[in-house]
Number of protein chains: 2
Amino acid sequence: MSNNEENNRFTIQSFKSVECFDVSADVLVCGFGGAGGSAALEAALAGAEVVLFERASGSGGSTGMSSCEMYLGGSGGTALQKELGYEDSTENMISYLEMALEERGDPEKIRTYVEGAADHYDWAVSLGVTYKPAVMLERDVVPLTDESLLFTGNERTEIFKRKADPVPRGHVPSHEGDFGGRIFMDALTDAVEKAGVDIHYDSRVIRLLVKADGRVAGVVAREDNKEVFYEARRGVVLASGGFIMNKEMTAKYIPEIHSWATPYGNPFDMGDGIRLGMAAGGSVINMDQAFLSFPLYPPAKLTNGIMVNLQGDRFVNEDAYLARLGHYSSLQDEQRTYLLVDQDDYDHPMYIERLDVVAVGDTIEEIERESGLFPDGALQETVAFYNKFAETSQDPKFHKSPEWIKPLKAKPFALLDLSFENQTAVIMPGTTGPLTFSLGGLDTLPSGEVISVSGSVIPGLYAAGRVTAGLPRTSKGYASGMSVGDATFFGRLAGKSAAANAGQV
Amino acid sequence: MSNNEENNRFTIQSFKSVECFDVSADVLVCGFGGAGGSAALEAALAGAEVVLFERASGSGGSTGMSSCEMYLGGSGGTALQKELGYEDSTENMISYLEMALEERGDPEKIRTYVEGAADHYDWAVSLGVTYKPAVMLERDVVPLTDESLLFTGNERTEIFKRKADPVPRGHVPSHEGDFGGRIFMDALTDAVEKAGVDIHYDSRVIRLLVKADGRVAGVVAREDNKEVFYEARRGVVLASGGFIMNKEMTAKYIPEIHSWATPYGNPFDMGDGIRLGMAAGGSVINMDQAFLSFPLYPPAKLTNGIMVNLQGDRFVNEDAYLARLGHYSSLQDEQRTYLLVDQDDYDHPMYIERLDVVAVGDTIEEIERESGLFPDGALQETVAFYNKFAETSQDPKFHKSPEWIKPLKAKPFALLDLSFENQTAVIMPGTTGPLTFSLGGLDTLPSGEVISVSGSVIPGLYAAGRVTAGLPRTSKGYASGMSVGDATFFGRLAGKSAAANAGQV
């Protein structure tokens, strides 16, 4: 079947056209990643009879592939933050998120999330996920040692510190190495099974069943090459992930990113749920936005270098978080950027597989000449200007934090190629460009209810996770843990909402 | 009625629920601007019985407010280009558009448009619109004298010249002053009336009538405070403009632009047609993109200056077209940019109402000190670097064309504030920020057929103009005349398609 035919399958069917249902349940949940598992669990614990569909042969989704960082805080601090001596107020965390998400933030979702985030941490613990009361303060993406708390955003950069006190909010299951997603999903799967959820693996939901009044009241799933008809007495929860693996959708909604980034997610992030939701009249928003990785560090000492574009100009504070570096790099001509470091800081970023050293030289003039990339003298002027202020730990152009500012003086200097076309992430050998996943999807209320294109709520339809435009909205303001935090938090709310729905009959 | 209730009105109604139709016709066209008028005319000339609805009390829409520039060429040249000695091949124009539209261009629409553009000029002439065989080669937005051919994009900039030979493609009705839109719409209205189209002014289409199989087969229009039911035997054409006047939609789809730009269009660019199309299952694309004006010139001599951001760095070739200047300016911190000119070029841009002179000084150091905007020495270095290459008419950083390059030396210098928050367009007194209109909408085939969210064509539904994502897709690559050219060209195709539709019965 061609990709196009695949696309055409996700549609709606009239409820009354179904002569006989194979299964009837209260709540049907599509997708067993972080969002779907959380929704199914809460719906079952609320007393609903729940069927959970997963296209893969096991639970996990993109949450299972992730480090399972959750971006949590507020309410005086999570239990973990408090134990480690960090205080985090609800207003402080909201200030941070408002600044990070700018015009794209959903104020209701931000407040709902922040007010519930500390309790959400307790919930994860209650599932049996273990967090070690130890903080990692290095500039890193995920701890490969077993600490459970770290900074995962732009909290410590100067411009953010002006608006919000920096607090580490990345909560990650404790384990040596990067196994958080599997740890969490195993615990969640165990809880879902114990709660009596009827789990259907290798089952792909291909149509929503819609009543004449627009209510979503069931699904058609493809299992063992047969179409199986399920009635939902209370509601259907879409939680089948984003669309980053669907080339037609990435070409349509994120055409630039499609042309130079590498999709990052599980193979079934095909936009099924978004397409089903749209077919039922759901509105989609934020469809042009996606996360962009740019894991320049560790080692953190690379942050002492300066990033420049083809004009030889700097364009960002180099201590920004990786997703923000990805955003600003994407705006440079041809997505070509370079890192200039001196002898003291030369090293290979550990998350980038290959890294071309474009030039090495005892002077910046030599670097310019050997690289042949910049207008004559442009890089020399940039370095001279940077060094002049670096002597007093200042960066008046981009406000890098003083701890990463030092004059570039120790020869030889090296220029490393960070251009998207020359970048391959260690975790995706053979690819080029930053890793990306989609941040647009169905427009929902914090309750998980899906908003229709005419602005009303679609009865019986709920969604959570990357099927939706949730908490995270831009790469510029992304902090790791925003997506899994959002998926599990709003997944739980969606499950509760569906279970509490007065019903379709 | 609140704005929210307004939004909820645009929906679908079951065709069979209508007991009695007030009117039955072959083709119903919603909106009498450039797109709708062109669609109605072609449908009528093809033998269809046509009803044309317009919410305003007369024809015009945003085309009527515009200069009615049409971006035309290809096929060896339009009659006007040829008469003036310009040759323009189809492939040359396609090369230009591909470069301008980058990943967002629709290859089928580009080719269809370019191959038919020269004939489209003849069609405009056949309506009685007069074009004067005279070319205006100055750097200007629209001729206020009576020439009919001009450059309206980035054709003459160095980076575009590498890919496509520069040819003027802006075709504007001849008149002293900026009256092209009214001239064209009067001629089109006359033709529409003569063709026997049944025109309903003060009539707002609020619902589409949809058959059980998804076919669009009529509309409900609000006229004299009554709902009137119209059957469409062949098809419905949506041509009611973009959504730039709808604050809920701009907040949702272009949140950043919504926060700092001024909507530019006719008051009924409320997204009616887009919402109706979505309610009928239509897919929307390119919803995050909008035109941004930045009419820095004339006088063209301002182009001799340099634009800088808050870092004191240049960020664009200053000879770019206004929409491209708007795009790059929008990417700078706080959308704050400044123009530095020397004594020889100091002047007031004629399309900007107010313009703060931030600083005047005999040296750049004085300008820096008086303005207090830039890091110490940043502007001095930028000017020194620019001047060094300007001595030999080079701009190795941004490739401004040599004709606009000269060292900035004649004191005193002046720094003019071009920041969005301090910008008011002459044609919109009292506003702030660049003017903007939406470039996203229903996804259509060149024929005007509307593509559904599941990828199929919605039978009986057609769309053209800013209801759709048409030829123009970005401000970065916009050329004036792309939108009216697109609206009228694809409006005609949509009208022909609807008239040729086998019918709904």
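**A working chat on the model**

Author: In this predicted model, Asp395(B) and Arg314(B) form a salt bridge, with their closest N and O atoms 2.8 Å apart.

Reader: Where do Asp395(B) and Arg314(B) lie in chain B?
Author: Asp395(B) is in the loop between helix H14 (378-390) and strand E18 (413-417), and Arg314(B) is in the loop between strand E15 (306-309) and helix H12 (322-330), so the pair ties together parts that are 81 residues apart in sequence.

Reader: Is Asp395(B) buried or exposed? And Arg314(B), buried or exposed?
Author: Asp395(B) counts as buried at 7% relative accessibility. Arg314(B) is buried as well, with a relative accessible area of 8%.

Reader: What does Arg234(B) form a salt bridge with?
Author: Its partner is Asp26(B), and the closest N and O atoms are 3.6 Å apart. Arg234(B) belongs to strand E11 and Asp26(B) to strand E2 (residues 23-30) of chain B, so this pair ties together parts that are 208 residues apart in sequence. Arg234(B) is partly exposed at 24% relative accessibility, whereas Asp26(B) is buried at 9%.

Reader: What else is in strand E11 of chain B?
Author: Strand E11 (residues 226-238) also holds Val236(B), which is buried with a relative accessible area of 0%. Leaving aside neighbours within four places in sequence, Val236(B) is in contact with several residues, including Leu28(B), Cys30(B) and Gly460(B). The C-alpha atoms of Val236(B) and Gly460(B) are 6.1 Å apart in space, although the two residues are 224 apart in sequence.

Reader: Now the two chains. How many residues of chain B are in contact with chain A?
Author: There are 36 in chain B, in contact with 36 residues of chain A. Together the chains bury about 3,200 Å², of which 51% is on carbon and sulfur atoms. On the chain B side, Glu103(B), Lys397(B) and Val453(B) lose the most area to chain A, together 17% of what that side buries.

Reader: How many salt bridges are there between chain B and chain A?
Author: The count is six. One of the salt bridges joins Lys252(A) to Asp443(B), whose closest N and O atoms are 3.8 Å apart.

Reader: Which rotation superposes chain B on chain A?
Author: A rotation of 180° does, with 0.0 Å of shift along its axis and an RMSD of 0.0 Å. The two copies are thus related as by a two-fold rotation axis.

Terms used. Residues numbered from 1 in each chain as written. Chains lettered and ligands numbered in written order. Predicted model: local features only at pLDDT ≥ 70, side-chain atom pairs only at ≥ 80, totals over all residues. Heavy atoms only, no water. Least-squares fit on C-alpha atoms with pLDDT ≥ 70 in both. Contact = heavy atoms within 4.5 Å. Buried area = accessible area lost by both parts, 1.4 Å probe. Salt bridge = Lys/Arg side-chain N within 4 Å of Asp/Glu carboxyl O. Helix = DSSP H or I, 4+ residues; strand = E, 2+ residues; numbered from the N terminus. Buried < 20%, exposed > 50% of the residue type's maximum accessible area, 1.4 Å probe, protein only.
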